[in-house]
Amino acid sequence: MAHSTVSETSSTITEPKRTKPMLKIWLDGQLVDEDQAKVSVFDHGLLYGDGVFEGIRIYNHRILKLHSHLERWYRSAEKIRLTPAYNIDEMDKAMRETVKANNLRDGYIRSLFTRGYGDLGLNPFICPTAGTIIIADSIQLYPPELYETGIPVVVADRPRLPVQCLDPSVKSLNYLNNIMAKIEAIEAGVLEAIMLNIEGNVTECTGDNLFMITDGKIYTPPVSDGLLGGITRQWVIDEIGPDCGHPVEERHIKIDEVLNADEVFLTGTGAEIIGVNKIDDRVLSDGKVGPISSKLIARFKERVAENAPED
Ligand SMILES: Cc1ncc(COP(=O)(O)O)c(C=O)c1O
């Protein structure tokens, strides 16, 4: 969608344009040019944030953990009682078609189910058909040098939504809870913020899961503490950690433990695995990426380069 911005000092209207070649977007059953991929202003995804999405990486033509992402997407849809217009196999095929149509060797898929087109009003059941969008594009979330140095983060004042209000394990189109914490991070001059739950336990960051390492042992909070069950997080628990000789334990974590940890790292589809070198004013691992985090980052890179698993 093109936005017009008017500079305060001149009357020139500038049209920000994407700098990349025109993409093919999979929209409600067909591949269309990006400038034809339009969604109604009456789509409840836009009006109310009523919908669910996924973010998935492509490495060397393989779609990392595609099946886990598809399953989470449909699970999120079920939790908000959204009936997708296509089944999971059709979406698997559509994602591969979209990646191919855009000639992507490496990249990122953003897929969405919106509640669909309906009259104004919150009632989701007045929207007869869910909308389906698949975007496949290139991506660089963090500059490469930050994987060498680690990133500084802050602890957000804003807590993560309680599971009883809106289950954070639903990857919904309503990310305002996270966006408000992200604003805290940006205003503090950093890129990420650690969010606590209302009981004061550590949950995750605004778009990444969190792990800490103390005395050689890796810990991460359980999903029941109110966080998204990240696919990268699960891969680190199931394979990457154990492969490196460091099993992961899930348990409640207090922020003081994170501030006093030997190492902290974050995981996410966009971020992959990235070390944290500072939290608020507390410098971690001498301001670098710690040795165990570095091992995990190297193992992750190896695994996605050799033959990224699609399970
Ligand atoms: C709030 C939140 N937590 C964690 C993650 C990491 O999850 P994944 O590894 O599935 O990308 C994401 C990314 O989607 C996220 O939005």
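How many residues does helix 8 have, and how far does helix 8 reach from its first C-alpha to its last? Helix 8 (residues 291-307) has 17 residues and reaches 25 Å, close to the 24 Å expected at 1.5 Å a residue. That expected span is 1.5 Å times one less than the number of residues in the helix. Helices here are DSSP runs of H or I with at least four residues, strands are runs of E with at least two, and both are numbered from the N terminus.

Some ground rules before the tour. This is a predicted model, where local features need pLDDT of at least 70 and side-chain atom pairs count only at pLDDT 80 or more, while totals for chains, interfaces and linings use all residues. Residues are numbered from 1 along each chain as its sequence is written.

**Two domains**

The protein chain splits into domain 1 (22-137) and domain 2 (145-307), with bounds that come from an automatic or database domain assignment. The contact between them takes 22 residues from domain 1 and 13 residues from domain 2; two residues are in contact if their C-beta atoms, placed from the backbone, lie within 7 Å. On the side of domain 1 that touches domain 2, strand 5 (51-59) and helix 2 (66-79) each supply at least two residues. Strand 5 has the largest share of that side, with eight residues. Sorted by class, this side of domain 1 holds seven nonpolar, eight polar and seven charged residues. For these classes, Ala, Val, Leu, Ile, Met, Phe, Trp, Tyr, Cys and Pro count as nonpolar, Asp, Glu, Lys and Arg as charged, and the others, Gly among them, as polar. The centres of domain 1 and domain 2, taken over C-alpha atoms, are 26 Å apart.

**Around the ligand**

There are 14 residues around the ligand, and Gly230, Ile231, Thr232, Gly268 and Thr269 come nearest. A residue is near a molecule if its C-beta atom, placed from the backbone, lies within 6 Å of it. Helix 6 (231-243) and strand 15 (263-268) are the elements that give two or more residues to this shell. Helix 6 gives the most, with three residues. By class, the shell divides into two nonpolar, nine polar and three charged residues.

**The cores**

A nonpolar core is a set of buried Ala, Val, Leu, Ile, Met, Phe, Trp, Tyr and Cys residues joined through C-beta atoms within 7 Å. Buried means that 20 or more other C-beta atoms lie within 10 Å of a residue's own, exposed means 12 or fewer, and partly exposed is in between, with C-beta atoms placed from the backbone. The largest nonpolar core has 39 residues, of which Val153, Ala193, Ile194 and Val264 touch the most other members. Helix 6 turns up again, giving the most to this core with five residues. A second, separate core has 15 residues, including Ile58, Leu64, Met91 and Met95.

Helix 2 has 14 residues and reaches 20 Å from its first C-alpha to its last, close to the 20 Å expected. Its buried residues are Leu66, Ser68, His69, Arg72, Trp73, Ser76 and Ala77. They pack against strand 5, strand 6 (62-63), helix 3 (88-101), strand 7 (107-114) and helix 6.

In helix 8, the buried residues are Ile292, Ser293, Ser294, Leu296, Ile297 and Phe300. They pack against helix 4 (145-149), strand 12, helix 6, strand 15 and strand 16 (272-279). Phe300 also pairs up with Glu239, which sits in helix 6: their C-alpha atoms are separated by 9.6 Å, though the two are 61 residues apart along the chain.

| Residue | Other C-beta atoms within 10 Å | State |
|---|---|---|
| Ala136 | 27 | buried |
| Lys65 | 21 | buried |
| Glu239 | 14 | partly exposed |
| Asp215 | 6 | exposed |

Most residues other than glycine have a negative phi. Lys65, in the loop between strand 6 and helix 2, has a positive phi near 55°. Just after helix 2, Arg81 takes a positive phi of about 55°. Asp215 has a positive phi of about 50° and lies in the loop between strand 12 (209-214) and strand 13 (217-220).
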